[in-house]
Amino acid sequence: MNIQNIGIFYFSGTGNTKLVANLFADKFKRKEFSTKLIPIEDILNKKLALSIDDYDLLGFGHPVHAFSAPKIFFDFLDRLPNVDDKKTFTFKTAGDPLCSGGSTSLVRKHLNKKGYKVFHENLIVMPANVMLKYDDSLIKQLYEVAVKKVKRGTKEILLGKVNLQKNSLWLKIGTYMFNKAESNGASYFGKYLITTDSCNLCGKCIKECPTRNISVSNGKIIFGNKCTFCMRCVYICPEKAISNKYMNLFVIKEGYNIQNVINDPEIKGNFITHKTKGFFKHFYKYMSEY
Ligand SMILES: Cc1cc2nc3c(=O)[nH]c(=O)nc-3n(C[C@H](O)[C@H](O)[C@H](O)COP(=O)(O)O)c2cc1C
């Protein structure tokens, strides 16, 4: 493959996919490829112009939402221009290794239709940012495995190796149904977001919301109907003042911030072993393949 310039487009609600996008970019840069990271919200919000012609190889990354990709990511794919056989790889982050196929086929279909030839797909398991707080030693371990998986992925991508995730019929049907439910459910989640009395109107949520769904009116924070269910506003609020009236089970009570764990040298990534039983047993296979 004759590659000089690499463009990596990604969406990340709470930092996992951004971290993985950065790992890919670092690896490519170390191999002397000019590599640019582009958050898709900056294109959708017109902070950056969309240019595809500058790149010989493209990467697209997203978090898995309900077996699929969030609406904002599909909105971005819809905006992409048609191209002629662009070499393309994808990566997705999910809270569970079970999400191996699923969304990949929908994203692949969207990209292939426009001439982006997806030849390499990567599932990188990261901590869940909804419902369940993973143990810190599991968070650290998932990050350490992510570094190794990205290293292998980068090598294969540069060699032009084909690696497409397998899909079963039930997964395709399930993904399609979950995707529809999630796209509609996201605006409901946004509709029922509320702020408590500890909100001091600092405006951080307004500034950080990827869909510009948050505003202030009559001295109160207002949530519109463009929520993409990314959880960013809930976890970045310095006062922990944002919650959901009816769907608060999705919110991790302790909050979510992966950087705190990665940067803490005292935390050891030793949660999963070959002896692991129970819910996390199936993580071992994912963790031992790189
Ligand atoms: C609305 C929503 C739905 C999710 N659905 C799934 C899912 O179906 N399977 C899964 O493994 N993880 C799921 N997750 C967890 C995220 O995919 C995972 O934590 C991801 O790494 C978050 O990436 P980000 O920090 O870049 O947003 C979901 C997260 C959200 C917010």
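The bend at a residue is the angle between axes fitted to the seven residues ending there and the seven starting there.

View 1. The model is predicted: local features require pLDDT of at least 70 and side-chain atom pairs pLDDT 80 or more, whereas totals for chains, interfaces and linings use all residues. Residues are numbered from 1 along each chain as its sequence is written, and side-chain values use heavy atoms, with hydrogens and water left out. Helices (H or I, at least four residues) and strands (E, at least two) are DSSP runs numbered from the N terminus. A kink of about 25 degrees in α6 is centred on Gly 185. The expected span of a helix is 1.5 Å times one less than its number of residues; because α6 (residues 169-191) has 23 residues, it should span 33 Å, in agreement with the 34 Å between its end C-alpha atoms. Buried residues (under 20% relative accessible area, 1.4 Å probe, protein chains only; exposed is over 50%, partly exposed in between) of α6 include Leu 171, Asn 179, Glu 182, Gly 185 and Phe 189.

**View 2. The largest pocket.** On a 1 Å grid over the protein atoms alone, a pocket is an open set of points with protein on both sides within 12 Å along at least five of seven lines, a cavity is a set where a 1.4 Å probe fits but cannot get out, and lining residues have an atom within 4 Å of a point. Grid points are joined across faces, edges and corners, and a volume is the space filled by probe spheres set on them. The largest pocket holds about 860 Å³. Val 64, His 65, Ala 66, Gly 95 and Val 130 are the closest to its centre among 33 lining residues. Two or more lining residues come from each of α1 (16-30), β4 (86-94) and α6, and α6 gives the largest share, 4 residues. Domain 1 (5-170) and domain 2 (188-257), with bounds from an automatic or database domain assignment, both contribute to the lining, so the pocket lies between them.

**View 3. The largest cavity.** There are 3 cavities of 30 Å³ or more, and the largest has a volume of about 120 Å³. Of its 16 lining residues, Cys 209, Pro 210, Cys 227, Cys 230 and Cys 233 are the closest to its centre. Helices α7 (204-208) and α8 (232-236) each supply at least two residues of this lining.

**View 4. The second largest cavity.** This cavity has a volume of about 80 Å³. Cys 199, Cys 202, Cys 205, Cys 237 and Ile 242 lie nearest its centre, out of 13 lining residues.
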